[in-house]
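Colleague: Can you take me through this model? I am new to reading them.
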Amino acid sequence: MPGQRSPAPLDRLLADPTRRGRITHVQNVPARQGRRAAWPSWAPPELLERLAAAGIEAPWRHQAEAAELAHAGRSVIIATGTASGKSLAYLLPALTALHPSAPVPAPRTPDPPATVAGEGRARIAGEGTVLYLSPTKALAADQLRAVRALKLPRVRAATYDGDTPRDERGWVRQHANYVLTNPDMLHRSLLPGHSRWSGFLRRLRYVIIDEAHGYRGVFGSHVAQIIRRLRRVCARYGASPTFVLASATTSEPATAASRLTGLDVTAVDDDTSPRGPATFALWEPPLTDLRGEQGAPVRRTATAEAADILADLVVEDVQTLAFVRSRRGAESVALGAKRALEESAPELTGQVAAYRAGYLPEERRALERSLRSRELVGLASTNALELGVDVSGLDAVLVCGWPGTRASLWQQAGRAGRAGQSALAVLVARDDPLDTYLVHHPEAIFGTPVEATVLDPDNPYVLGPHLCAAAAELPLTDADLALFGPTADDLLPDLVRRGMLRRRPAGWYWTRRDNPYDLADLRGAGGTPVQVVELATGRLLGTVDESSAHTTVHDGAVYIHQGESFIVQTLDLDDSVALVEAAAPDYSTTARDVTDIRIVEELRSTPWGEARLHYGTVEVTHQVVAYQMRRVQTGEMLGEKPLDLPPRTLRTRAVWWTLSADQVDGLGDLDLAGAAHAAEHASIGLLPLFATCDRWDIGGVSTAVHPDTGLLTVFVYDGHEGGAGFAERGYRDARAWLTATRDAIAACECDTGCPSCIQSPKCGNGNDPLDKQGALTLLAHLLPQAP
């Protein structure tokens with residue numbers, strides 16, 4: 001039977017004395033008192049009464065400040081901590097705008113010229129409309145519940161996403177005045193069919209962009225162009241909506257919001273909400289007796305460790321959410337916790353489940369309801385639940401592996417304690433250079449501001465498809481080009497030459513028969529999703545992005561769905577289907593690939609003494625050639641099997657450094673290939689500390705003599721077509737980045753290299769050759785003269 005809830009969950013976890021050495025740091029975050037403000041004078045009494053009935057006595061100061069700015073027609077980003085009530089900051093002006101008697105603020109400086117001559121710019125008095133954008137369906141569904149719970153008679157709120165039945169979509173277009181959707185639907189449905197939304201768009205007063213910190217990298221760059229297209233279409237109908245963005249705490253929030261929207265945005269980032277005390281522990285799984293590649297010591301896997309911790313907390317009735325990096329990892333943690341409970345408390349196994357993208361909508365909603373009602377006490381999830389889904393009863397959060405950014409770490413940790421109770425957060429380190437560095441350098445987490453959001457709307461591979469989509473919505477004119485950024489003018493002739501657009505006296509037109517909206521790959525999926533189908537029954541288990549199919553559903557891969565294990569029998573790339581059979585393997589699979597790189601264009605270069613740092617465009621060719629099998633519970637290597645898959649080519653941006661021939665001559669008989677390879681792996685592992693990415697967003701190549709430079713060269717590149725801004729951030733912060741790389745290698749307790757410092761889980765060469773001391777020698781020659 002479940003025990004009485006522990007007042008100190010961390011003490012329960014440490015009841016086993018063998019675990020105490022796994023805690024490398026404990027940070028106690030004190031409670032904070034809240035600071036209230038008065039309700040704004042312009043808010044309708046009816047709305048204030050409903051908010052009071054919902055238990056909201058008065059707004060916090062940051063909520064009131066952001067609401068006042070938005071009501072005055074100034075675009076604003078509210079960037080405060082989790083559970084700080086950001087939603088009230090945008091609900092106050094947004095729901096007020098839906099009230100017939102709502103005053104209309106003076107219009108701000110107009111957007112770039114409306115495409116159609118003679119359209120009025122006047123703001124329409126009376127009842128307005130609101131468009132709410134979220135990156136996930138779960139968050140939109142949660143916000144819909146919150147709005148409807150206020151029971152305001154004039155608010156007709158509805159979601160418009162892929163789960164909305166076709167027969168309901170017409171009602172939403174015609175009657176809803178508060179529409180909740182996502183960038184994908186805005187891109188593929190609302191903007192292409194803007195004439196059917198004309199009544200809604202003409203009265204559009206506010207665009208709310210929730211969880212704005214999630215719009216980074218290539219996805220964020222696509223969303224930035226979609227927002228520009230939305231502004232252009234709104235101008236066609238005489239509307240100039242105010243944008244209200246909500247974000248986790250982030251560095252330079254106003255700059256990031258301005259880059260996302262193309263507008264001047266004011267930041268409100270002083271969090272005046274209260275919160276209970278929290279304990280944050282850094283946890284490193286122990287080394288095992290097993291040996292991995294090249295005889296390196298192997299730590300217990302973070303997923304196995306998190307599964308045991310989750311099971312212990314469930315026994316204590318500590319409602320816990322475990323965030324895991326991958327779909328497969330989330331399934332593995334849930335399955336491991338169930339196995340542990342079967343031995344200690346079998347009656348509790350039904351209180352643990354997994355939650356991830358790829359489930360059917362009704363499955364996701366059911367899991368969310370069970371979590372709120374505490375039918376579920378332990379849930380392992382991907383970052384699908386990182387965002388603002390309101391689960392107020394959580395007591396603890398496990399973060400299984402560094403989530404990529406400090407912003408995400410605090411966002412995930414903040415899921416616990418939302419009701420004001422004390423909370424526990426545990427970061428369980430993976431066998432990875434960055435994770436190992438962080439659990440032994442807590443000042444890099446607790447004493448450092450969160451990162452700035454990195455996105456590049458001017459990436460031509462992003463901008464080109466959106467110019468085509470914009471031309472299909474309304475012919476592009478010279479006056480529109482400023483809206484889309486400085487590279488738009490240079491791209492248009494190439495789009496005309498390729499037959500994508502046609503130039504006429506009035507502007508640029510889309511004249512092809514195919515769908516322009518298929519050109520933009522918003523989430524970097526790359527092509528048609530691969531359907532995962534059970535061979536024996538024909539049952540559709542889920543889908544996998546085409547770009548990741550080579551690594552996740554290749555022949556022989558282990559695929560997990562809702563705790564059930566399957567083995568892929570066939571991956572058919574032509575038909576976009578992976579056929580699987582049920583199985584119960586005790587191992588997981590990891591794909592291996594090989595990579596070549598060619599320099600296309602050097603954009604910047606900086607001398608570091610005799611060494612040199614570069615940034616530019618490269619062409620990367622990589623091919624999945626094999627997969628490894630590792631025992632689930634221990635990480636023990638069981639073997640490797642070859643694969644025959646086609647190569648992929650990627651044109652992207654990279655940062656690279658070279659040592660001069662004289663410097664290399666001074667190194668003596670050093671294993672240059674192994675030293676450069678080790679430095680490459682470690683630098684890939686540490687770049688996420690300086691850019692909003694993780695190691696799976698970037699790649700690298702190293703060589704003792706590269707054919708394009710003639711020198712020892714180490715490359716780190718963005719893993720997205722056209723680049724995502726990560727390599728550029730590495731170039732900008734290269735000294736700090738490569739210094740941290742050197743420190744991480746030097747501080748690792750292994751003798752010759754291990755997954756915690758220089759080994760990579762995705763190395764196509766089986767982590768051979770690698771030279772740990774050689775990497776330190778190379779970095780010692782590179783760094784002293786860095787500017």
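Modeller: We will go over confidence, then domains, then one interface.

Modeller: This is a predicted model, where local features need pLDDT of at least 70, side-chain atom pairs count only at pLDDT 80 or more, and totals for chains, interfaces and linings use all residues. Residues are numbered from 1 along each chain as its sequence is written, and side-chain values use heavy atoms, without hydrogens and water.

Colleague: What is the mean pLDDT of the protein?

Modeller: The mean is 87, and 92% of the residues reach 70 or more; pLDDT is the predictor's confidence in each residue, from 0 to 100. Over residues 1-7 pLDDT is below 50, and over residues 106-125 it stays under 50. Where pLDDT is low, the predicted coordinates should not be read in detail.

Colleague: Which domains is the protein divided into?

Modeller: Domain 1 (8-29 + 302-429), domain 2 (61-268), domain 3 (460-518), domain 4 (521-585) and domain 5 (592-785). The bounds come from an automatic or database domain assignment.

Colleague: How many residues of domain 4 are in contact with domain 5?

Modeller: Nine, and they meet six residues of domain 5; contact means heavy atoms within 4.5 Å. The C-alpha centres of the two domains are 30 Å apart.

Colleague: Which helix gives the largest share of domain 4's side?

Modeller: Helix α20 (residues 546-552), with four residues; helices are DSSP runs (H or I, at least four residues), numbered from the N terminus.

How values were computed:
Helices (H or I, at least four residues) and strands (E, at least two) are DSSP runs, numbered from the N terminus.
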